[in-house]
There are 2 protein chains.
Amino acid sequence: MTQPPDSSLSRLFDPRGIAIVGASATPGKIGAMPVTLLRQHGYEGRIVPVNPRADAIQGLPALPGLDALDGDVDLAILAVPAAQAAQALERARPGGIGAAVVFTSGFSETGPAGAAQQERLCAVARERGIRLLGPNCLGFMNVRRKVYATFSPAPANGIVPPGGIGMVSQSGAFGAYAYSMARERGLGLSHWISTGNEADIDVADCIEWLAHDADTRVIMTYMEGCRDGARLRRALAAARAAGKPVVVTKIGRTQAGAQAAASHTAALAGDDAVYDALFRQYGALRARTIEEFFNLGYALDTWKRPPAGRRLGIFTISGGVGALMADEAQDAGLALPEPAGAAQARLLERVPFASARNPVDVTGQAVSEPGLLLATADDILADGRYDALAVFLAAAGSSEALWPTFEAFARDMQARHPGVPLAISALFPPARRRELERLGCLVFPDPSAAIRTIGAVAGLADEAGSASCADMPAPAGNAPLLPAYNEVQAMELLRQAGLPATPCTLAVDEDAAVRAAAALGGAVAMKVVSPDIVHKSDVGGVKLNIVGEEALRAAYAGIMGSVRRHCPEAQIDGVLVAPMAPKGVECIAGVHCDPVFGPVVMFGLGGVFVEVLKDVSFRLAPFGRDVALEMIREIKGHALLQGARGALPCDIGALADALAALSRFAHARRADFSSVEINPLLALPEGQGALALDAVVLRADAAA
Amino acid sequence: MTQPPDSSLSRLFDPRGIAIVGASATPGKIGAMPVTLLRQHGYEGRIVPVNPRADAIQGLPALPGLDALDGDVDLAILAVPAAQAAQALERARPGGIGAAVVFTSGFSETGPAGAAQQERLCAVARERGIRLLGPNCLGFMNVRRKVYATFSPAPANGIVPPGGIGMVSQSGAFGAYAYSMARERGLGLSHWISTGNEADIDVADCIEWLAHDADTRVIMTYMEGCRDGARLRRALAAARAAGKPVVVTKIGRTQAGAQAAASHTAALAGDDAVYDALFRQYGALRARTIEEFFNLGYALDTWKRPPAGRRLGIFTISGGVGALMADEAQDAGLALPEPAGAAQARLLERVPFASARNPVDVTGQAVSEPGLLLATADDILADGRYDALAVFLAAAGSSEALWPTFEAFARDMQARHPGVPLAISALFPPARRRELERLGCLVFPDPSAAIRTIGAVAGLADEAGSASCADMPAPAGNAPLLPAYNEVQAMELLRQAGLPATPCTLAVDEDAAVRAAAALGGAVAMKVVSPDIVHKSDVGGVKLNIVGEEALRAAYAGIMGSVRRHCPEAQIDGVLVAPMAPKGVECIAGVHCDPVFGPVVMFGLGGVFVEVLKDVSFRLAPFGRDVALEMIREIKGHALLQGARGALPCDIGALADALAALSRFAHARRADFSSVEINPLLALPEGQGALALDAVVLRADAAA
């Protein structure tokens, strides 16, 4: 399903040898740092300083230019001023180096002159088949292979050990901070990559490469925006196919943040709600804060598998904190099933004043009776009713005397219940915490953070499977394109695309209206059709509940008279005749074209929900029924579709089918149509389907 | 406004001497620990072990019982089994000890037998004028006076220094954990108190005492529930009057948490939404998690004054993280005004590629140019447009080489801009962090946590002032009480209480209805009045828009005929005649009686808002206009009152006046009425007031 890894990036990230153009002997200079770091940490490939004004740098023989290299150097680091970068790269011989990292700033981030310089640099690289990381970036590290192609000061304050997390950051400062945080939190990295201006390689390329990298199990990424939506979708799909979770922080969630992001990045940021939809759709976990970013990465890296489902056991020595954790569990959408009766009975035998329900409170007794914790947890997990266990040990964690008890607990639990990931909240000394983590157990000082993190990663593997939305058959839609679509034509178009459009006819005169109504039978609605009239009710252009020929002719005359009086200039195409709508819950569905990601489907409830509460959900087209159901469930007013206020539950399945059909249409015809709005899309009672009552469709060229 | 401190609690918390009943020589025993801790930490008062089976304990002469004490011991610690506690206390001489702390469990938390034992203990204490802390508690510490009246193991793992935070926890385990967290976070405590079963002294008593305690500047408290609402209100009012912020964690926010809390505490927990209203009303900051609890306590303790307003400056060396912080600021309801033009120009002169707007990005240049940070921040703060400054220094914080720069920055900023509290996000080594904190500067590893915390504490002092809701004139309401109120009587009652009730008349026959309509003039609505008919429309009991005598008589006859047909058994009081309502936004206001806190006023918007979205706000009665305005603004659908969907903005002031009047009525008549529901309460366009269209009022005795 995914493509093989891009081997040109392998030459970048796992080079046989590295040339440093602008290498320097002066400590702290950006040309000195990679040489120092590579040697200090024992990079095993060749290190070749390039500097026309020196024979040797830091004790290594130096070459005057990239043309002097022979065969075994894959990567050049350019640590020369912006004005000299292209020139330096021009000296690379064809078939020589495969990649270049450009540290220096002064390119597109500074304005048009810098952008021209960046374009020249790219052209030189393209001509020579050289992949480019940067410019204006802090470079990268391949931690396992000790490739320190960076001038970030972060490693100088302490090294992060090799591990399973691949970290990619568009921002150097965020990246450097994240590196330091990883060190503080005891995480291990496979790669650390900063992409800077992304003249060639972007965050998406790195994600895709890491998806194929054997050393990487979890991908953590920071983004400011994306210029190539298809590339990012492909990258996230590759990560999902490889079973590697992606944790992402993207700035610009709010108007203030988006404004700041726009002034910071020259790049087009795109609509944040669309990014949010993208991440949900591809199972990427979006972190709102740096702390959440690390909590998620930490959990996914430390646990071999995230919890398979959402059933949480809470296990404490404090009833009060147990309740606090239950609060957080409910907020996080986790279920708290009760332990089996036998397990409850056994606990109450052991500790009469314990609370044997979930949250389970074994009381402070756990501290004085070493085997109690394990025996009780064992009983509770015996019949497989929990997907994860969160434990709170209060202040006891800081007691060295109790350490053997807790260590045995964690070890035996992992051994006996490997399918139930364990998170402990307590204040362990750092060394003790690391020991527990090595056993595969999460440790959080804040029990609420533990619960929130479990809530975010629980069932991740499952969701990734169910959210698959790949290649679905496109709708037929072979009718010739019209220059513009009135509502009758729009409804016909959607009907052909498989949407449940209410039958409606354009009648061009009174007799045609009578025939159309007769063909429908029953009460009808009549509405003027005109490209020039938007608010039809306001000009007397709508009549409802018309029964019988006489009433129909009167209604027709009434509409025409009123409309001609109010809008003498309007072009009148005729009247639309449609059956009166049954009772249902009014929804709105739409499609708009995101400049980065293409067609995006929107869903919401009618009335105040969309207009006042902005209660809408989005997904990128195309998608299937499962994703459509997620979209519907995401709405805050969702209860209204389930039969709130004494109404019947709606046919949510039919609504989902309609959204999925709309998404397939939007994707297949993305070149032809720029926007669709179905308002209302009626959700009928269970078993009766959904019904689109009115639609507006815009041609792609009309959007410009 | 507040009462003087309770001097009996001063004998508890600041005792001249301490007797330990059940004192032990065996390390780790609960009777040994207080003796050990008091001596080890240098308590300066007398320490008197009481134990009939020893002459000396831990080298101190022991007495056989409390009757052997002479004058200078204020406090007895009871570390004897539950069955012996009352007996031991009985030996205290009249006018002797003033307080007792009871460590042992086995009282009301274990069931009826334990509850009886607790009642006996209380009776003994009451007779002797002895205040009781516990039983089933971990005791307390007066950190400054080195009173370690506790058997918590937490101090054994390291002592918390004296400081300005008074900490009160109902739960011992939470308290012990919080003590350890305070130590980890470098906070100082004045007192640490655990209240356990609260047989006498509860959390509220401790808050009130700390409000008067000179050593305490900030109060942090953990609660599970409260049995005496008036006491808690008085305590929070005392803290507010003393200008001491209160940070509170209360469990049971959600259904799952409330269930867990109920099974944990025998006490009546009460409705969580009411606690939430209480905390908002008294300016107490509610923390959802232990981490938030400490972030708030930390900020309020470290900053001498919280920010005076909500205008935040964000100051970074990374544009990306600046945007992340801007996102959080918008979520937290903080404003991000731009720096003055001159300040922007000067920054761009210094660093051409900086971003001079807010968030300000001075770029990595700040790291290589020592004076840049301070000079720029100085410029930006020069004209007083910020209430707080949040700074992000990325990974640079871990660099010892840069420490002098950052230290000078923090020091000079505090000196030059003492009115602008400063929070820095960076990974400083712990000792460096402490230095910055001693300068009055907050340090957060996570920049989002810094912003959220600023958002929570900004303007706290102001709000405390404005939310005052103390003694307001009660409404007249001298009409005699009726056994029950139909809607006409209910509306009259509310009208007398100062609410804008629509004029309505009870007509007992057709002629009376005609007269009532004539008196009103214009179109009227008519509605059957019957205590037996709830859904009046369903039985044809409502007619709208009736004009003229003929139509009125027909409507009357129609209603009576239909109602008698549908409900032949119903008692019919007559019909209500009222003018047709003008157009407005339908709201709902109500009062219910909370068993702990008394009358609580509810406000929400009609329709889906209350019924589907549960979008309501609460406040405890009585309150004034400002609090009512807060209630209205708190509603998610608030935009609907401001003129969303093309409507005119509503008369929110009149709505607030109506809510305030309702709250005064509910408070003044709390003995007479148990519930009021006004539905709809119509919010009319700006300048036209509000209008109660229908009301149901229940007598207090009717609720039982």
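The following dialogue examines several local features of a predicted model.

Trainee: What makes A:E198 count as buried or exposed?

Mentor: The relative accessible area of A:E198 is 8%. Buried means under 20%, so A:E198 is classed as buried. This residue lies in the loop between β11 (189-194) and α6 (203-212) of chain A, and has a positive phi of about 55° although it is not a glycine.

Trainee: How do you know whether B:A394 is buried or exposed?

Mentor: B:A394 has a relative accessible area of 5%; the limit for buried is under 20%, and therefore B:A394 is buried. B:A394 is found in the loop between β17 (388-392) and α15 (403-416) of chain B.

Trainee: What makes β2 and β7 of chain A edge strands?

Mentor: The open sheet has the order β2-β1-β5-β6-β7 in chain A, with parallel pairing. β2 (46-50) and β7 (131-133) of chain A each have a single partner strand, so one side of each lacks a neighbour in the sheet. Neighbouring strands of this sheet are turned by 20° against each other on average, direction ignored.

How values were computed
Residues are numbered from 1 along each chain as its sequence is written. Chains are lettered from A and ligands numbered from 1 in the order in which they are written. This is a predicted model: local features need pLDDT of at least 70, side-chain atom pairs count only at pLDDT 80 or more; totals for chains, interfaces and linings use all residues. Side-chain values use heavy atoms; hydrogens and water are left out. Two strands pair if DSSP finds at least two bridges between them. Helices (H or I, at least four residues) and strands (E, at least two) are DSSP runs, numbered from the N terminus. Axes are lines fitted to C-alpha atoms, for helices over the stretch in contact, and angles run from 0 to 180 degrees between N-to-C directions. Buried means under 20% relative accessible area, exposed over 50%, partly exposed in between (1.4 Å probe, protein chains only).
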